[in-house]
Amino acid sequence: MKVLVFVALFCLARADLEGPPKIKKEGGVLVLNKDNFDYVMTNNKHVLVEFYAPWCGHCKALAPEYEKAATTLNEDEDTSAIKLAKVDATVESDLGTKYKVRGYPTLKFFKDGKDSEYGGGRTAPEIVNWLKKKTGPPAKELGSDEDVTKIKANNEVVVIGHFTDMGSDAGKKFIEVADTVDDVVFAYITDAGVASRATVNTNEVVIFKKFDEGRAEFKGDITNGDELAEFVKGNQLPLVTEFTSETAPKIFGGEIQVHNLLFISKASEEFDQNLAQFKEAAANFKGKVLFIYVDTETEDNQRVMEFFGLAKDDIPDYRIIKMSENMAKFKPDTKDLSADAITKFTEGVLTGDTKRHLMSADIPEDWNKGPVKVLVGKNFKEIAFDKSKKVFVEFYAPWCGHCKSLAPTWEKLGEKFGSNDDVIIAKMDSTANEVEDFEISGFPTLKFFPSGSDKILDYEGDRTVDAMAEYVESNGEKVSGGGEEESEEEDIDEEMDDAMPEESDVDSTGKDEL
């Protein structure tokens, strides 16, 4: 027993002598691994961690902004305790698994060691502002003219209220709303002289912004928190925002879920005229609809065009998408780009009078000639819901690597049932075709339509010819395996959502985003 106690004390003493684990810094960012991760979390109250891959293009784009944010935080005595860190998840795979890292880059905010999702933007100011809101008071008091000048200079958007008594109903409601908005800086003034020189009246809220008209005054009831929050949401972005990798996180991470997108070439002669009409229409929907323009000359935006079924010959044109309704798309009946036409169409989408648009390619003449039948939106229901047949459909994307890997196996499956009139093996390009009965969230998705039934079954078994053939023969009753490596999918959840035109995913199911 004495020997065991001695050994334990020796180990503790040795640990004390070794001291804390080594922590390397790169550009002010802590480099974490399995040996120092827990130490950093234990010894720092607030840590933002980026899980990245060295080969990830979006990680490389984020790196300089992330380092700028770290430097800014370190140089400010009010925020120097906030740490920015990064983990190479391709090396530290256990950490990636522990914190459910499914894509690169993934950012997690740790408070007292407990993680939560990061919800800010990907520029240095956006990262800094988000962290300030998460770690400090909801709103900052401005006690001098210098404070006012500094906060306006350092922020694209700042909300300033003037209250003689912060304990008043208006003052308390202002702080309450500030606490719910993570990506906009709020401040307040109690000194009448400072407020006067800042051109903010008593019990008034003003948004100062470096775009559009420069300032917006809240005309509603400050004690109505919902109304004030909507006012802020409606003014935190320009009337019309260009879609880029920098603006995408703010566009798709915000609360406004209806987006009107104008697809146009910035190099075209009609760009200024069309954008002016688009902006005029946008003024009618502040806080309700985000108006975004997409430069079709930018290579990264080709996927976005494809998502909406648009080709170069269709440009200029616009589409509306409801992000919260399974990314439902709406297409105008005409190509009228006047402010009146855009306004009327947008109102129709909001009221529900305008119905969802479902994309469909034309039916190929040889759609049923090969062992794998080709389905499009126009013939999908007729074929897939034929109760006299067992129908197995692969929903794919032309660019999907996992779909390309499955293609020869799927072709062999079609050949196996080529002489069986009761079975149809089919495929559908889901980047060009949509169906109203369900949404496709990953590529490839395999759905089975059993004969004599209205059911739609998701196939999650092994993706071998034998396993899938057995499944078809059993009319969807017998599933072999659990779809390990063969059941990889490429995710389209982020196709318009989240943020970037593309992120590389590392989930075990092999999902990539558009």
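Student: Leaving aside neighbours within four places in sequence, which residues is Thr-241 in contact with?
Tutor: Thr-241 touches Thr-247, Ile-251, Phe-291, Ile-292 and Tyr-293. Keep in mind that this is a predicted model.

Student: And is Thr-241 buried or exposed?
Tutor: Buried: its relative accessible area is 8%. Thr-241 sits in strand S13, which covers residues 240–242.

Student: OK, zooming out. What domains is the protein chain divided into?
Tutor: There's domain 1 at 24–135, domain 2 at 140–234, domain 3 at 241–351 and domain 4 at 373–474.

Student: How far apart are the C-alpha centres of domain 1 and domain 3?
Tutor: Those two centres lie 33 Å apart. As for the whole protein chain, its C-alpha trace spans about 85 × 85 × 40 Å along the principal axes.

Student: How many helices and strands does the protein chain have?
Tutor: The secondary structure comes to 16 helices and 25 strands. The chain has 514 residues, and 48% of them count as buried.

Student: Let's pick a sheet. What's the strand order in the open sheet of five strands?
Tutor: It runs S18-S20-S19-S22-S23, and the pairing is mixed. The edge strands are S18 (373–375) and S23 (457–458), each of which pairs on one side only.

Student: What does S19 pair with, and in which sense?
Tutor: S19 pairs with S20 (residues 423–429) in the parallel sense, over seven bridges. S19 also pairs with S22 (residues 445–449), this time antiparallel and over five bridges.

Student: Which residues stand opposite each other there?
Tutor: On the S20 side, Val-393 has Ala-426 as its bridge partner. On the S22 side, Glu-394 stands opposite Leu-446.

Student: And how does S22 pair with S23?
Tutor: Antiparallel, over two bridges. Lys-447 has Asp-458 in S23 as its bridge partner.

Student: Back to S19. Why is it described as largely enclosed?
Tutor: Because seven of the seven residues in S19 (residues 390–396) are buried, the strand is largely enclosed by the rest of the structure. Both faces are covered: Lys-390, Phe-392, Glu-394 and Tyr-396 are buried on one side, and Val-391, Val-393 and Phe-395 are buried on the other.

Student: What kind of unit do S19, H15 and S20 make?
Tutor: A right-handed β-α-β unit, with helix H15 at residues 401–416.

Student: Switching to cysteines. How many disulfides does the count come to?
Tutor: Zero, counting a disulfide as a pair of cysteine sulfur atoms within 2.5 Å.

Student: Are Cys-59 and Cys-403 buried or exposed?
Tutor: Cys-59 is buried at a relative accessible area of 6%. Cys-403 counts as buried too, at 5% relative accessibility.

Student: Last topic: confidence. What's the mean pLDDT of the protein chain?
Tutor: The mean is 88, and 90% of the residues reach 70 or more. Over residues 491–514, though, the pLDDT is below 50, and that stretch has 93 contacts in the model beyond near neighbours in sequence.

Student: Which elements have the lowest and the highest mean pLDDT?
Tutor: Strand S25 (residues 504–505) has the lowest, at 44, and strand S11 (residues 204–209) has the highest, at 98.

Definitions and conventions. Residues are numbered from 1 along each chain as its sequence is written. This is a predicted model: local features need pLDDT of at least 70, side-chain atom pairs count only at pLDDT 80 or more; totals for chains, interfaces and linings use all residues. Side-chain values use heavy atoms; hydrogens and water are left out. Buried means under 20% relative accessible area, exposed over 50%, partly exposed in between (1.4 Å probe, protein chains only). Helices (H or I, at least four residues) and strands (E, at least two) are DSSP runs, numbered from the N terminus. Two strands pair if DSSP finds at least two bridges between them. A crossover is right-handed if, with the strands pointing away from the viewer, the path from the first strand over the helix to the second runs clockwise. pLDDT is the predictor's confidence in each residue, from 0 to 100. Contact means heavy atoms within 4.5 Å. Domain bounds come from an automatic or database domain assignment.
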